[in-house]
Amino acid sequence: MQVAEHDTAPGTAKELGAFLERRREQIAQRWADDALFRTVFTVSRDEAVEAGKAVVDALADVTRSGRLEDVEAPGFGTVRDQLGRMAAARARAGFTPVQIAGEVAGLREPMTALLRAEFQDDADGARVTACTQALAVLTSTLRLVIMETTVSAGEELIARQRQQLLEVATPVIKLWDGVVAVPLIGTLDSARSQVVMESLLEAIVDQRAAYAILDITGVPTVDSLVAQHLMKTVAAARLMGAECIVSGIRPAIAQTIVQLGIDLGSIITRAGLADALAYALTQQGIVVSARPVTEAGPR
């Protein structure tokens, strides 16, 4: 991806690169006090200066390549590493990609000031004008690079948060020695079903469980895809040496399963979680008896 094409003469790009090399220290010193740098380097200003020097060197590499408009030009990789983590820190602080890109664009001002000061003896102003325009092209591409990096980092963060939410939404509970359960609430899709399977299999290994209960009381609907996911989870649990019990099949869901012609004959089912737990305990030789609940009266 490229920004709008500009005609930058090779000589101008080379002269801009030489300027960046000469002024790297001054540029880095001015950048070190910028909010973008202070976000990451909150303690050591020297570290901020060194990071600034690395970015200036990278921009000089871009000018030497002559590809000022190309986000894939050599040198922008280093820029992504250095400014990318600063942009990520600003994003975590609540700044949008557009706002962060605006801060990156603000890095041009100190460079432009130093450039004009260096070429103040330019008689007709042609050199400073050409270099200033080339610098504008370079920083525009830099802004685009950081915006892309910030958006990509944001998408990765959202994906990680979604995965974490899926894991939190599908807890595996130890009900008894050798018995674990997954109470499912909400809609099951492919991504969540995969998390359920992975979490359940890990719990079977960690708890050395002989029985695993999938309680679908909180699942609103069951279609052929959901049933397929359940059957795969049951099969995977059996391969791990655990018997899987499905509980909480409500009348409406039972009718849907029959209408769809889905065969759950090979799967042990129980009306509720308590019934499934009682079955698992009984299979382990533990006697389960119902104790009547009585109200405590006056003595």
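Me: Where is confidence lowest in the protein, and where is it highest?
Reply: Helix H8 has the lowest confidence, with a mean of 74, while strand E4 (residues 243–247) has the highest, at 94. The score here is pLDDT, the predictor's confidence in each residue, from 0 to 100. Over the protein the mean pLDDT is 82, and 87% of the residues reach 70 or more.

Me: What should I know about how the model is handled?
Reply: It's a predicted model, where local features need pLDDT of at least 70 and side-chain atom pairs count only at pLDDT 80 or more, though totals for chains, interfaces and linings use all residues. Residues are numbered from 1 along each chain as its sequence is written, and side-chain values use heavy atoms, with hydrogens and water left out.

Me: What does threonine 132 touch, leaving aside its neighbours within four places in sequence?
Reply: Thr112, Leu115 and Arg116. Contact means heavy atoms within 4.5 Å.

Me: How do you know the side chain of threonine 132 makes a polar contact with valine 128?
Reply: The rule asks for a pair of N or O atoms within 3.5 Å; within protein, one must be able to donate a hydrogen and the other to accept it, and residues adjacent in sequence count only if both atoms are side-chain atoms. The side chain of threonine 132 reaches the backbone oxygen of valine 128 at 2.5 Å, so the pair falls within the 3.5 Å limit.

Me: Why do strands E1 and E2 count as paired?
Reply: Pairing needs at least two bridges found by DSSP between two strands. E1 (residues 173–176) and E2 are joined by three and run antiparallel, so they pass.

Me: What joins E2 to E3?
Reply: Six bridges, in the parallel sense, with E3 covering residues 211–218. Isoleucine 185 stands opposite glycine 218 in E3.

Me: Why is E2 described as largely enclosed?
Reply: Five of the seven residues of E2 (residues 179–185) are buried, so the rest of the structure largely encloses this strand.

Me: What makes a set of residues a nonpolar core?
Reply: The members are buried Ala, Val, Leu, Ile, Met, Phe, Trp, Tyr and Cys residues, joined through side-chain atoms within 4.5 Å. The largest core has 45 residues, and Phe37 and Leu83 touch the most other members. H8 gives the largest share of this core, 10 residues. A second, separate core of 25 residues includes Ala212, Val226, Cys244 and Ile262.

Methods
Buried means under 20% relative accessible area, exposed over 50%, partly exposed in between (1.4 Å probe, protein chains only). Helices (H or I, at least four residues) and strands (E, at least two) are DSSP runs, numbered from the N terminus.
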